[in-house]
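Work each one with the model open, then read the solution.

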Amino acid sequence: MRKVLSLVLAVCLLLGVTNLAVADETPTFKIFAGVTSMSPDNSTKPLVKQLNAATGVNINWECVSSADLTAITERKNLLFASNDLPDAFMAANLTDYEIMTYGGDGALIPLNDYLTPEIMPNLCKVLDARPEIKSILTMPDGNIYTLPTVGEMGFVGNDGKNYQIDTIPQFTIINTEWLNKLGLKMPTTMDELHDVLVAFRDDDPNGNGKKDEIPLSFIFDNWTAGMTTFFAGFGLTDYNDPQGVAYHRGLVDGKVVYNGIRDEYKNAIAYLSKWYQEGLIDVEVFSQDPAKYISKGKNDEMILGSFVWWEIPEVVGSDRASSYALLPPLSGPDGKLTVNLRETTSVTRGDFAITNVCKDPVTLLKWVDQLYDPIIGMQASYGPIGDFFEAKPDANGVYVNKKPAEGTTEGEMKEVMRLNAPIAILSDYYGKYFYMEPRAQERLNTLRDFWFPYVKDTSSYPTVTYTKEETDELNDLYSDVINYTSEKTATWMTNGNINDEWDAYVAQLKSMGVDRIVEIWQAAYDRYQAAMK
């Protein structure tokens with residue numbers, strides 16, 4: 001009997017120790033994450049340590065620079081193809097195609113049932129304030145596989161809508177010191193600008209006796225420094241990002257169009273081609289990168305007559321900035337003036353997804369939900385309190401940026417300190433929790449006060465979702481179509497002859513599937529509009 005009692009007691013003691021060990025075990029998750037090119041590993045960041053401590057978890061990180069798209073894509077493909085998936089992907093540039101493919105086959109789990117106030121209270125507050133976000137996250141199969149990143153940096157227009165800071169990315173800028181020296185007025189039409197550029201070319205406005213002036217410079221096929229702001233005088237501004245999935249996409253009276261086959265596009269290229277052939281446009285517009293471009297503005301001799309960028313000092317330097325001013329949108333030969341908006345969104349999907357190997361999604365989502373708190377999201381976006389922000393808020397309870405160390409910029413500080421992660425920065429956070437960066441605020445003021453009075457139609461293509469079949473078709477067709485448009489546009493800019501070749505060009509694009517691309521865009525747009533009703 002004593003032996004039996006001793007055995008029972010030993011078993012009980014063993015079970016007690018085992019249960020204690022289980023109770024003390026820290027939940028650990030493996031996350032594959034994209035980081036900025038200057039960022040240290042996420043495990044070293046104070047904010048990550050704070051998040052871990054608050055929820056009692058540990059994260060094992062695999063970090064890859066999100067600037068190296070090839071490396072991050074190859075690693076994602078390898079992980080999905082293997083049996084060694086992480087618990088989650090964060091800031092890993094998950095594409096819609098990947099979300100639908102790996103969500104559809106079960107590698108990524110649906111999050112619909114987890115988006116509750118009990119599990120994710122901070123995100124639910126954001127979703128309550130911005131109900132349209134759920135429709136953006138919802139894939140065609142009805143599931144939500146990813147969490148959003150929300151970044152509202154904009155202003156509220158007279159119509160009550162919020163407009164993002166990059167809705168007009170190309171600000172045209174002109175050398176007013178040269179205008180004054182040559183006795184010229186600020187141009188208001190494309191024809192007037194032509195005459196000014198001729199004077200910049202011929203009349204030695206920098207006074208050095210050399211023919212070194214560049215009347216007009218830009219970067220071909222660049223959304224920030226491109227030439228399409230000059231298309232306004234011909235009926236459109238084709239602002240969308242050449243590296244995106246919307247280049248040359250437009251919206252006219254609720255109908256989606258491919259701008260690259262519109263007569264307005266043809267007329268704009270025909271007009272600007274004459275400028276290039278007259279030597280009014282920088283011969284390096286097709287080859288220069290932003291570094292080369294900016295170096296021209298900061299050349300020892302002032303050589304830049306006009307250029308395109310989203311602010312003045314970044315190109316010409318703060319000491320020379322007062323010699324330049326914004327050049328307003330210019331009407332064309334027929335008196336047209338149309339300024340459209342670039343497609344933008346304050347919401348992106350794909351920044352956080354949980355895989356089917358995760359054993360405790362609830363705990364992991366509670367960890368992530370902390371990032372949707374305004375103060376924590378602020379630090380993830382910029383840097384920690386005490387490092388990027390002053391240790392204490394000001395008298396208004398608002399956090400203030402610290403001054404960068406000598407030889408360092410706020411941008412560099414942000415690149416090192418920020419945590420690439422799903423967050424929400426709503427427009428009303430600025431001035432309430434922290435202040436907008438001065439440069440951004442100045443650019444936003446310029447957008448609102450200088451450019452927006454020229455905008456008559458504020459509609460633009462929204463953030464839609466495509467079916468897997470639609471995505472496959474776009475992947476097959478789209479790059480060839482836009483590459484052909486860019487190739488022909490560059491040829492016409494340098495050699496002319498667009499009118500003679502236009503019909504054959506349009507026919508070639510149709511044979512390459514441009515009409516089918518527009519059909520897919522329109523179908524997705526119509527679905528989005530129906531879901532919003």
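The model used throughout is predicted.

**Exercise 1.** Determine which elements each supply at least two residues of the lining of the second largest pocket, and which of them supplies the largest share.

Solution. 
- Step 1. Helix 6 (132–137), strand 6 (162–164) and helix 18 each supply at least two residues of this lining.
- Step 2. The largest share, four residues, comes from helix 18.
- Step 3. The space in this second largest pocket is about 750 Å³.
- Step 4. Its lining has 26 residues, and those nearest the centre are Glu132, Lys161, Asn162, Thr344 and Ser346.
- Step 5. By class, the lining holds 12 polar, nine nonpolar and five charged residues.

**Exercise 2.** Compare the span of helix 18 with the expected one, then state which of its residues are buried and what covers them.

Solution. 
- Step 1. Helix 18 covers residues 514–532, which is 19 residues.
- Step 2. From first to last C-alpha it reaches 27 Å, close to the 27 Å expected at 1.5 Å a residue.
- Step 3. With buried taken as under 20% relative accessible area, the buried residues of helix 18 are Val514, Ile517, Val518, Ile520, Trp521, Gln522, Ala524, Tyr525 and Tyr528.
- Step 4. The cover over these buried residues includes strand 8, strand 9, helix 16 (468–495) and helix 17 (498–511).

**Exercise 3.** State how many cavities of 30 Å³ or more the structure holds, and describe the largest cavity by volume and lining.

Solution. 
- Step 1. There are three cavities of 30 Å³ or more.
- Step 2. The volume of the largest cavity is about 120 Å³.
- Step 3. The largest cavity is lined by 18 residues, with Asp221, Asn222, Met227, Thr228 and Tyr247 the closest to its centre.
- Step 4. Its lining divides into nine nonpolar, seven polar and two charged residues.

Terms used. Residues numbered from 1 in each chain as written. Predicted model: local features only at pLDDT ≥ 70, side-chain atom pairs only at ≥ 80, totals over all residues. Heavy atoms only, no water. Expected span 1.5 Å × (residues − 1). Buried < 20%, exposed > 50% of the residue type's maximum accessible area, 1.4 Å probe, protein only. Contact = heavy atoms within 4.5 Å. 1 Å grid on protein atoms, 1.4 Å probe; cavity = no way out; pocket = protein on both sides within 12 Å on 5 of 7 lines; lining within 4 Å. Points joined across faces, edges and corners; volume = space filled by probe spheres on them. Nonpolar A, V, L, I, M, F, W, Y, C, P; charged D, E, K, R; others polar.
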